Amino acid sequence: MAPLEDLERDYPIIDSNFRMFCASHGIFTDTDFLMHDLSALEAFARQDYAPQKLEHGIKQILSIIESGQRPWLNGLELLEDSQLNKCTLSTGCESIDILLQGGLRAGHVTELVGPSCSGKTQVCLKAASHVARNSLGKVVYFDTGNSFSPKRVAQFLSFSPDPSTTQLNKTVERDMSSIVCHSVFDIFTLLDMLRQLRNNLRSQISFQMRMLIIDSLSSLIAPVLGGGGVHGHALMATAGLLLKEIAHESNLCVVVTNHMVAGEAGMLKPALGESWKSIPHVRLLLSGKYSANGTRIKILKHPYLASGKSTDFVVI
């Protein structure tokens, strides 16, 4: 997060007049832009006596944010970090764990993509329940479409060999408290919450987290991508960067869901376009077609597993 005045030396367009315009809207740092409705901000700029200069300044700031990178690490540092910190967490679905050679990997952003009713939310709820049930740590669940079902989670948590009713209730109560659910309905609120979460994790203020789930991320990003404006893609890139930082720095499993849209010749393809598909470390496609063996899940992208491998699974 850089104060705007610190950027003027390298970017003369960010001069005192531009900063005064920004300050009038409560913007004092580059990332303050992402807490605002940028369409409205551009509309205010067009009403100014120097609209082109202000609009160019806004695009310059967004370009700076989009090009942000983490510090470089050499291969040995990456290998040591992978061996020491990047464990795997079971999804609770044996066939998916076998496909992924253990499950969801800490430090990775894993995307579940598929059409409506393909089982994305069920996999998220099952994974969250499994982490909580095995006392592996806390799960933060960002629900963007009222799809979080506490009753379904309780069903997953209640699966046990032969506990007494009293003990079962106590266990479910304990495990349910390990899943923290927040409703989020716009990208600006999500970015604010992700920054707060990242800062809390860095300061060790937060509870011991093991997993972050956003169901669905695409429903928040897709509305700001239309119209050909640059700010929508900058918001998407910022969300992706934050998720990668949180996953890597805090050794979390980050899971996001994405829907499908019509592509060429009516064929379905993952939403959010070409710019987004490079952001997740892992992309898994759920077919949405049920068979006697369950739902098909296929690897579209993985750092060390072959694309195209698939299996069937059933969430019970």
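This is a predicted model: local features need pLDDT of at least 70, side-chain atom pairs count only at pLDDT 80 or more; totals for chains, interfaces and linings use all residues.
Select Thr91, Ile96, Leu100, Leu104, Leu112, Val123, Ala127, Val255, Leu284 and Ile297 to see the lining of the largest cavity, whose volume is about 50 Å³; lining residues have an atom within 4 Å of a point. By class, this lining has 9 nonpolar, 1 polar and no charged residues, with Ala, Val, Leu, Ile, Met, Phe, Trp, Tyr, Cys and Pro counted as nonpolar, Asp, Glu, Lys and Arg as charged, and the others, Gly among them, as polar.

Next, select Leu100, Gly103, Leu104, Arg105, His108, Thr110, Val282 and His302, which line the second largest cavity, a space of about 40 Å³. Its lining divides into 3 nonpolar, 4 polar and 1 charged.

Now move to Arg198, which is buried at a relative accessible area of 16% (buried means under 20%, with a 1.4 Å probe and protein chains only). Leaving aside neighbours within four places in sequence, Arg198 is in contact (heavy atoms within 4.5 Å) with Leu242, Glu245, Ile246 and Glu249.

Residues are numbered from 1 along each chain as its sequence is written. Local features need pLDDT of at least 70, side-chain atom pairs count only at pLDDT 80 or more, totals for chains, interfaces and linings use all residues, and side-chain values use heavy atoms, leaving out hydrogens and water.

Key: Buried means under 20% relative accessible area, exposed over 50%, partly exposed in between (1.4 Å probe, protein chains only). On a 1 Å grid over the protein atoms alone, a cavity is a set of points where a 1.4 Å probe fits but cannot get out, and a pocket is an open set with protein on both sides within 12 Å along at least five of seven lines; lining residues have an atom within 4 Å of a point. Grid points are joined across faces, edges and corners, and a volume is the space filled by probe spheres set on the points.
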